[in-house]
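The entries follow in the order in which I made them.

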Amino acid sequence: MKYEIVCGIETHIELATRTKIFCGCTTEFGGEPNTHCCPVCTGQPGSLPILNQKVVEYAIKAGLALNCKINTKSHMDRKNYVYPDLPKAYQISQYDEPLCEKGYIELDSGKRIGITRIHIEEDAGKLVHEKGFTFIDYNRSGVPLIEIVSEPDISSAEEAKEYAEKLQLIMRYIGISDCKMQEGSMRCDVNLSLRKPGDPNFGVRTEIKNINSLTFIQKAVMAEAERQADILDAGGTVVQQTMRYDEKTNSVAPMRDKESSEDYRYFPDPDVLRFCIDDAKVEEIRASLPELPFDKLKRYVNELGLSDATARQISRYRKVAEFFEGALAEGAGVKNAANLIVGTIFSNMNTEEEKELFDIRISPAQFAALVKLADDKKINIGVAQATLQKMLESGKPVEEFIKPEDLVGISDGELERLCREAIEANPRAVADVRSGKDKAINVMFGYIMRKTGGKADIRKAEALLRKLIGQ
Amino acid sequence: MRAGISELAGRLRNREISSVELTRAYIDAIEKLNPTLNAYVHLTFDTALEAAEQADRMLAEGDAPVLCGIPMALKDNICTDGLPTTCCSKILTGFKPYYDATVWEKLKRQGAVLLGKTNMDEFAMGSTSETSFYGAPLNPRNPEYVTGGSSGGSAAAVCANLAVYSLGSDTGGSIRQPASFCGVVGLKPTYGAVSRYGLIAYGSSLDQIGPLTSSVRDAAIVFDAIKGVDKRDQTSVDFDYGPSLVESLDRDIAGMRIGVAEEFFDGINPEIEASIGKAIALLEKNGARIENIRIPALKIALPVYYIIACAEASSNLGRYDGIRYGYRTPSYTSIDEMIVKTRSEGFGDEVKRRIMLGTYVLSSGYYDAYYKKACLIREEIIREFDAVFEKCDVLVAPTAPNTAFPLNYKGASPVEIYLSDICTVPVNIAGVPAISVPCGEDSRGLPIGMQIIGRKFDEATVLQAAHFYEQAAGKVIGDYKGGAAI
Amino acid sequence: MAISKTEIEKLARLARLSFSDEELERFTAEFDEIIEFANTINQSIEGGTEQIRSVGARMVSFDELRPDEVAPSLPNEKILSNVEGYNGFFSLERSRK
């Protein structure tokens, strides 16, 4: 590779607290304009900020989940700049004493992307430009954000996407944000520069904004890396500036919007007292964190023996994982439980949201009851799947659908008789199997399944059929 | 002597006078005198009479708080729901907050009767009240002189008996200095003793709201009513002052250790020095022990104050851009231009100077040398005050190095005016309480004020010392004849 | 000269203030004096190298912070009561004669 990519990502995440960071207004999305407001979040003269405890707690959760060191003493700073969506003409943020520092995220390859810092700050309002007017809605003003800054350890577009994906997964897992890029609850800005391999110095870097999905992160990194490479190849120098990613043309162009060279004149906000948290409280918060997705994934693969793909599908969603583990605790077998979840249950859920929510009508115990029947081979997989579907639709337990009589297996003798019957009834298929068209055996299976109402043990049947056909 | 709060409260309860009658008397006086004195900039007579009627009902029911039915005034930077609050600035023309400052909420609940909002230096930046958009208030003691600032209107209103008491704000001396120029009592409480919610901010780490009154007892009564922790102001402190500071006012000062720091007397007018000296002698005669102390850091308290206050102000005033409230420039070609023009047309010169200084000391490259350094020196000043209060119960100092300036005094540059804050700003930097009480007059008949400074949250001792002095000294300045006929 | 005209113009830009030429002349002189005044803190005690964290002496503990409980917001009419809103929004004409 001619140039090395040196990339860091700054992520802003909206915290899912009930109230804004400095006032008791709701953070609920939507709502008529300027109906979730008060003197504090609209910057009225005489108003004062009052810090929300949950915001600090959630930020610490994020820091712990990202292996950061937590600063037990912290304060807020004012970042001064002028823009109509910023009612006080300053944003209360953190400059030199962020709440969390020096953590990392581990990629699948084992490579660690460093997390420089995590700090808390307030969001601004929303501007709408229309017919010669600018309209302002301050409902979003004051919504709490954490800003997560990575070290420039990312060296490829794929890594960039993976970093953001994992970040999103973790934040959702610990329940502090729904991290939806399209809705703006997670915003990523990419910083990128190039250098020749082996060169210890950093090249000039640009910042890319307006990236609205994980895929676009990957594309934006590629587009900008190419753009910079072209400049360097031609002997030119990269200009340090803020860029805007355009989805439609998959290109990056300079952004002329905000003044990026504004002097923010940071100073400690005199209205917000310095705050501290004791180590015992930090440990309490740490203890309240769920097992994180990658630890789960490792455990599922290494200890439970699931395939990587299946393990990923289940561990990705906290509620699914909890359901799965709950069923295992009730005695369900690993393989069947996992397959029924990613097969039947997931076939009822088309979107990420549904899997995140995992709103199903049966409990882990009820699911386990069904799974155990399949484990014990009292019913076969096909029956299990169909029954599960009925359970999901009705919310009724397995006993409603599978009566004890149904569980009586087909005796071996009965099975042999049926096999012979199947062979007699389907001479063409038998001939096909003998001549090498092995798939024709399905015809016999179908016959036997029809005759037994799906209750036959397919593997036994297969063994018998082959023996008989071979004769 | 003029009727103070307690006496009026007594008359109200004895039915000698009703709150409505009392309010009308003040309204008449304001209508007569305010056109000249310009102490009030917004009048609220209609709501005042409504409040007075309500207060009379509360009084009839019995058990009404002491401030019930008493007519008063608020400085124009204290938010009053539905009533004009403009900081005497063009940029807040027409602004009516839809929320009350906590102090006003408390007083309203007690049945206070608000006559109007008083004149002040624009955004509380100044020491003469001449930077007001509505023109300067005149010193009732001598209308050719200033009232002092920035709570000049509040001081003038109390001096001229156009209000029984008023609230002002003090960031670098803005209650105490006008109190001393007008010959009334002014108390700046400990930082955090009174909620700042609803006080339009100037220097957030220095601002405090406090009473201007005609007696120390009245200052104690009003402070009792407005103090207290407020969950809407995180910087307010939950300090247990006990049931009432009024009840503990009378105290023999024998043995009280009074510190006198020479740094406070550096370069002050000799008449003032003599007057304060006389007051100190009186206290000593009554048993107080005078301690000569040093507070070396006071020498640079002034630039420290201006750097910190202006830095905070430059940030606090960023929000005035014509978008959500106040004045908006009528013509412009872009939103950015609208903002620049609105601010340039809406702010007066002194405000602009302070915003620029604040921007400068926070800007990249200068932050360490100015703002950060000033904050470190501030901590040193606090340490020196702490050390001094190990040896002393209170400090006595002049309130100002001079008496009132003549109006429109062209000689003074901005910095010269800043220098006149030398006695008051250290108190704000340290966050301690201080009161100014009249202690004499100069040869022109202008009042001289003495400052009594105490430990944090020790308003009790400050008020006791001030009250004792007031009682012992007797009449130190001439009576003001005029104002409400009650 | 403690401060140049260019620096003053930069500050004015940050503060969103504009000055006429005549105002700028007058202002520069006054401001110069003010900066000299501010510079007097340099003849003082040597400050330490610590970062300043906050001007308040008090620190508040995590437990004392505000609980995350919704308080009713104010009605839209109040929020807009000091301007002419539009359909509930704050409205700003982008240019106006």
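**The sheet of chain B**

I began with chain B, where I found an open sheet of 11 strands with mixed pairing, in the order β1-β3-β2-β4-β6-β5-β10-β11-β9-β7-β8. Strands here are DSSP runs of E of at least two residues and helices are runs of H or I of at least four residues, numbered from the N terminus, and two strands pair if DSSP finds at least two bridges between them. β1 (40–43) and β8 (289–293) of chain B stand at the edges with a single partner strand each, so one side of each has no neighbour in the sheet. From one strand to the next the twist averages 30°; axes are lines fitted to C-alpha atoms, for helices over the stretch in contact, and angles between N-to-C directions run from 0 to 180 degrees.

I noted that this is a predicted model, in which local features need pLDDT of at least 70 and side-chain atom pairs count only at pLDDT 80 or more, while totals for chains, interfaces and linings use all residues. Residues are numbered from 1 along each chain as its sequence is written, and chains are lettered from A and ligands numbered from 1 in the order in which they are written.

Contact means that the C-beta atoms of two residues, placed from the backbone, lie within 7 Å. Helix α15 (residues 459–473) of chain B lies across β9 (394–398), β10 (434–441) and β11 (447–454) of chain B, at about 15° to β10(B).

**Where chain C meets chain A**

I next looked up this contact, which takes 33 residues from chain C and 40 residues from chain A. On the side of chain C, β1 (59–61), α3 (76–79) and β2 (90–93) each supply at least two residues, and the largest share, four residues, comes from β2(C). Which strand of chain A is joined to β2(C)? I found that β9 (residues 133–137) of chain A runs antiparallel to β2(C) and is joined to it by four bridges, with A:Phe135 opposite C:Ser91.
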